[in-house]
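Open the model in your viewer and keep the selection tool at hand. The stops below say what to select next and what is there.

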Amino acid sequence: MTAQPDIEKLDEQIQRLKQAALALSEMGDQFPAVKRNTARVLSSIKMMEINVSDVVRLTEPDITLPVQR
Amino acid sequence: MISEQGCWNPVLETLPREKLSALQLKKFKSIFGWAYENSRFHRSLYDKAGITPSDIREFKDIVHVPKVEKSMMRCIQCKDPFPYGDCLCLPLEEVSNFRQTSGTTGQPVYQADSWQDWDWWSECWAFILWAQGYRPSDRVFIPFGYNIFVAFWAGHYAAEKIGCEVVPGGVLDTQARILKIQELKPTAMMGTPTYMLGMAETAKNKLGIDPGKLGIRRITCAGEPGASVLSTKKRMEEAWNAKVFDHAGATEIGAWSYECLDQPGGMHVNDALFLVEIEDIETGAIIDEPGRRGKMVITALDRMAMPCVRFDSKDLIEWDANPCSCGRTFRLIKGGVLGRVDDITKVKGVLLSPIAIEEVVRGMDGLGNEYEVVVDKLGDTDTISLKVELLPGNENNIGRIEAQLKHQLRLKTNLGYSIEFHDLGKLPRYEVKARRFKDLRK
């Protein structure tokens, strides 16, 4: 097996991506192309949270809540 | 290079067991809380049982969460929010996909998925396909009707997600699909075992094409247990000259298990995305130790629109005692899905699982792939007969084949059968899932 990736660093980037996507979603309330494409981006981010962030945050009290749109 | 990685997720799939268990507990608490707060159906069930999310502190508390059965889902649907009823946890406008179950066991159950759930479906399948050797260089042919059943939809999207080229083979009939495979030379394919065998038979007998020369290198099977029945797997692998891998999933659950490249004689449970419990059929106690067969109760840890929390799947499984040589820490279920509780029936006082008959028939030289079992009653006595197809050129061997068949069936099922031989092609063919076991006593 190859060396394990640095999941803390990965999670940092994932969270930055999420904050940017959430901000974009709010800005897209009158812009369907932005709003709906951002929804898809947020789903992909959730998949990355399932793959990475949930393990990183194992000892934190709450699992990442469902994405609010 | 990502193609060199053996796992879709090299962190989760090799996570130490104690961390996996901690992850499962944390995620179970979260999805249980989600269902409790957002699903009127689940809330009613939990209120009747007097259980709340704060009651789940340790693993042993999970068993107190009431199970959900498919029959309950049938009762609550076709009501508002239409057509899903009380178990929908998101506004209807967030549902992006409708699917329904195949109806093999009764009235179809409707399944809602949000866009996030649909992405989750392809994520589950990405674990499967990557473990079975699919890589961005693969061209994947999907001979599936792209219909109202979830079937291989997520397999299609997962193959795209992985980076494969996907050729959708819907609408084309079987012969046209074979000709398309011959034309485009895909390296991988997905289908039910029944259809994979049927397609091979059509290629050979109707088109004069050897399916083993079409270039398919890997086949992912789902929908029926056949790919974990060694004799069925062997027939498919020999017909297609390809490796055949099993996967088990369900519309109401998700894509929860998969065979890996090492083919250890079982399937990995995706322990990071699902919590699988095995329940003793008689006592209801949870079985942790390997080697004891029981009924699967399963939770999908990330599915939101219609959560699957302690769903009684009626699938029979047992834990494997040994870890897999692939290095994954995801547990193995030995032999895959071994049957269904509701398929097991008593014949002449003996419990019979239809899969045992498939193992014998498909392991016998001289017989075709199709067969049919008919259970009936003569007066007070059960009768069981097996219809098989004799491959051409075996007419002089009927006596020997019949004797071997009866002997093997007696060993495997403890029952005596009357055997009927039919010419190749005379028994029913099934497009997708087969119904080969007919109980006329009901």
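Two residues are in contact, or touch, if their C-beta atoms, placed from the backbone, lie within 7 Å. The model on the screen is predicted.

**Stop 1: a loop residue**

Select Lys79(B), in the loop between helix 3 (70-76) and strand 1 (95-100) of chain B. Leaving aside residues up to four places away in sequence, Lys79(B) touches Gly85(B) and Asp86(B). Is Lys79(B) buried or exposed? Lys79(B) counts as exposed because 11 other C-beta atoms lie within 10 Å, and a residue is exposed if that count is 12 or fewer. Lys79(B) and Val11(B) are 68 residues apart in sequence, and their C-alpha atoms are 42 Å apart in space.

**Stop 2: where the chains meet**

Show chain A and chain B together. Their contact takes 18 residues from chain A and 20 residues from chain B. On the side of chain B that touches chain A, select helix 1 (17-38) and helix 4 (115-131) of chain B, the elements that give two or more residues. Helix 1 of chain B provides the largest share of that side, six residues. Sorted by class, the side of chain B that touches chain A has nine nonpolar, six charged and five polar residues.

**Stop 3: the cores**

Next, select Trp125(B), Leu129(B), Ile219(B), Phe274(B) and Ile298(B). Of the 109 residues in the largest nonpolar core, these touch the most other members. Helix 4 of chain B gives the most to this core, 11 residues. Which residues does Leu129(B) touch, not counting residues up to four places away in sequence? They are Tyr134(B), Ala158(B), Ala159(B), Ile162(B) and Thr220(B). Another core, of 12 residues, lies apart from the largest one; among its members are Val361(B), Val375(B), Leu386(B) and Tyr417(B).

**Stop 4: two domains**

Colour chain B by its domain assignment: domain 1 covers 1-340 and domain 2 covers 345-439. The centres of domain 1 and domain 2 of chain B, taken over C-alpha atoms, are 29 Å apart. Their contact takes 18 residues from domain 1 of chain B and 13 residues from domain 2 of chain B. On the domain 1 side, helix 7 (193-207) and helix 8 (230-240) of chain B are the elements that give two or more residues. Helix 7 of chain B supplies the largest share of this side, five residues. By class, the side of domain 1 that touches domain 2 in chain B has 10 polar, five nonpolar and three charged residues.

**Stop 5: a pair of helices**

Finish with helix 9 (residues 354-362) and helix 10 (residues 398-413) of chain B. Their axes come within 10 Å and cross at roughly 150°, and the crossing of helix 9 of chain B past helix 10 of chain B is right-handed. To see the contact, select Ala356(B), Ile357(B), Glu359(B) and Val360(B) in helix 9 of chain B, which meet Leu405(B), Gln408(B), Leu409(B), Lys412(B) and Thr413(B) in helix 10 of chain B. By class, this contact has five nonpolar, two polar and two charged residues.

Which residues of helix 9 of chain B are buried? Select Ile355(B), Ile357(B), Glu358(B), Val360(B), Val361(B) and Arg362(B). The buried residues of helix 9 of chain B pack against helix 8, helix 10, strand 14 (339-340), strand 17 (367-378) and strand 18 (381-390) of chain B.

Notes
Residues numbered from 1 in each chain as written. Chains lettered and ligands numbered in written order. Predicted model: local features only at pLDDT ≥ 70, side-chain atom pairs only at ≥ 80, totals over all residues. Helix = DSSP H or I, 4+ residues; strand = E, 2+ residues; numbered from the N terminus. Nonpolar A, V, L, I, M, F, W, Y, C, P; charged D, E, K, R; others polar. Core = buried A, V, L, I, M, F, W, Y, C linked by C-beta atoms within 7 Å. Buried ≥ 20, exposed ≤ 12 C-beta atoms within 10 Å, placed from the backbone. Axes fitted to C-alpha atoms, helices over the stretch in contact; angles between N-to-C directions. Left-handed = near helix turned anticlockwise from the far one by under 90°. Domains from an automatic or database assignment.
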